[in-house]
Amino acid sequence: MQPDAQPAVCIRTNRKDVVLYTGVTSNLIGRVWQHREKRSGFSARYRCDKFVWFEMYSDLFPELIGG
């Protein structure tokens, strides 16, 4: 992970609110751009470009293991 990166968890859906996508990233702004531009496979295929929720963390590893 880059020294200036801040981990984030986000949930996106498509415009009809049918598909949910949950993702983890260390570059939230970059991922928002990728999904809006349909640059990644899943979001391009299912058109998941509407953000529902996100939360940023200082250290994501303890959160992933339940700590």
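**Exercise 1. Determine how many bridges join strand E1 to E2, and in which direction the two strands run.**

Solution. Strands, like helices, are DSSP runs numbered from the N terminus (strands: E, at least two residues; helices: H or I, at least four). Two strands pair if DSSP finds at least two bridges between them. As one example, Ile11 has Thr22 in E2 as its bridge partner.

The model is predicted: local features need pLDDT of at least 70, side-chain atom pairs count only at pLDDT 80 or more, and totals for chains, interfaces and linings use all residues. Residues are numbered from 1 along each chain as its sequence is written, and side-chain values use heavy atoms, with hydrogens and water left out.

**Exercise 2. State the order of the strands in the open sheet, and explain why one side of E2 and of E3 is left without a neighbour in the sheet.**

Solution. The open sheet has 3 strands in the order E2-E1-E3, with antiparallel pairing. Strand E2 (20-25) and strand E3 (50-56) stand at the edges; each has a single partner strand, so one side of each lacks a neighbour in the sheet. From one strand to the next, the twist averages 15° (axes are lines fitted to C-alpha atoms, for helices over the stretch in contact, and angles run from 0 to 180 degrees between N-to-C directions).

**Exercise 3. Find how many disulfides the whole structure holds, and decide whether Cys10 is buried or exposed.**

Solution. A disulfide is a covalent bond between the sulfur atoms of two cysteines. The criterion is a pair of cysteine sulfur atoms within 2.5 Å. A search of the whole structure finds 0 disulfides. For accessibility, buried means under 20% relative accessible area, exposed over 50%, and partly exposed in between (1.4 Å probe, protein chains only). Cys10 has 1% relative accessibility and therefore counts as buried. Cys48, at 0%, is buried as well.

**Exercise 4. Locate Asp17, Arg47 and Ser26, and describe each residue.**

Solution. Asp17 lies in the loop between E1 and E2. Its phi is positive, about 55°, although Asp17 is not a glycine.

Arg47 is in the loop between helix H2 (41-46) and E3. Arg47 is not a glycine either, yet has a positive phi of about 55°. With a relative accessible area of 58%, Arg47 is exposed.

Ser26 belongs to the loop between E2 and helix H1 (28-36). Its relative accessible area is 32%, so Ser26 is partly exposed. The C-alpha atoms of Ser26 and Ala5 are separated by 5.4 Å, while the two residues are 21 residues apart along the chain.
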